Amino acid sequence: AQEASAIKAGDVLRAVEGTTAPVACLDLEQGATCPRAKACTTVRFWAGLDGVIEQYVDGVTLADLAGGSVVSI
């Protein structure tokens, strides 16, 4: 058990959903290879969006959510 201020929203999302990735292909970073990886023209976009999502959800705690102090982007 931890204090609500120590639990990140990202930790909860990853525990429940497995990932916060906006598209399934980002799961490939866990060791699988995609046969389209070299031809994919949008992978950098999705990787950038994933980085923004990760930063945001890891910057919000359960205490923030409970207190209503979540900042919108």
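**Exercise 1. Find which helices supply the nonpolar patch, and list the patch residues.**

Step 1. Start with the helices. α1 and α3 each supply at least two residues of the nonpolar patch. Helices here are DSSP runs (H or I, at least four residues), numbered from the N terminus, while strands are E runs of at least two.

Step 2. List the members. V12, V16, Y56, L62, L65 and V70 make a nonpolar surface patch of about 460 Å². Patch residues have over 30% relative accessible area and no salt bridge; nonpolar side chains (Val, Leu, Ile, Met, Phe, Trp, Tyr) are joined within 5 Å, like charges within 9 Å. The areas come from the Shrake-Rupley method with a 1.4 Å probe, and for residues only the protein chains shown count as cover.

Step 3. Check one member. V16 lies in helix α1. V16 counts as exposed, at 63% relative accessibility. The cut-offs are under 20% relative accessible area for buried, over 50% for exposed, and partly exposed in between (1.4 Å probe, protein chains only).

**Exercise 2. Judge the confidence of the model before reading details.**

Step 1. Know the ground rules. This is a predicted model, in which local features need pLDDT of at least 70, side-chain atom pairs count only at pLDDT 80 or more, and totals for chains, interfaces and linings use all residues. Residues are numbered from 1 along each chain as its sequence is written, and side-chain values use heavy atoms, with hydrogens and water left out.

Step 2. Read the chain average. The mean pLDDT is 85. Of the residues, 89% reach 70 or more. pLDDT is the predictor's confidence in each residue, from 0 to 100.

Step 3. Helix α1 (residues 9-17) has the highest mean pLDDT, 94. Helix α2 (residues 43-57) has the lowest among the elements, 89.

Step 4. Keep the caution. Where pLDDT is low, the predicted coordinates should not be read in detail.

**Exercise 3. Trace the salt bridges of R14 and say which parts of the chain they join.**

Step 1. Count. The structure has 3 salt bridges. The rule asks for a side-chain nitrogen of Lys or Arg within 4 Å of a carboxyl oxygen of Asp or Glu.

Step 2. R14 bridges to D11, with the closest N and O atoms 3.2 Å apart. Both residues sit in helix α1, 3 residues apart, about one turn of the helix.

Step 3. Cross to α2. R14 also bridges to E54, with 2.7 Å between the closest N and O atoms. R14 lies in helix α1 and E54 in helix α2, so this pair ties together parts that are 40 residues apart in sequence.

Step 4. Move to the loop. D58 forms a salt bridge with R14, the closest N and O atoms being 2.7 Å apart. This pair links distant parts of the chain: D58 is in the loop between α2 and α3, R14 is in helix α1, and they are 44 residues apart.

Step 5. Assemble. D11, R14, E54 and D58 are linked in a network of salt bridges.

Step 6. R14 is partly exposed at 26%. D11 is partly exposed at 37%. E54 is partly exposed at 22%, and D58 is partly exposed at 27%.

**Exercise 4. Compare T20, T61 and G59: where does each lie, and is each buried or exposed?**

Step 1. Take T20. T20 lies in the loop between α1 and α2. T20 is buried, at 9% relative accessibility. Leaving aside neighbours within four places in sequence, T20 is in contact with L13, R14, D50, I53, E54 and V57. Contact means heavy atoms within 4.5 Å.

Step 2. Take T61. T61 is in the loop between α2 and α3. T61 is buried, with a relative accessible area of 15%. With neighbours within four places set aside, T61 is in contact with A4, S5, I7, K8 and A9.

Step 3. Take G59. G59 is found in the loop between α2 and α3 (62-67). G59 is exposed, at 54% relative accessible area. G59 and V70 are 11 residues apart in sequence and 9.2 Å apart in space, C-alpha to C-alpha.
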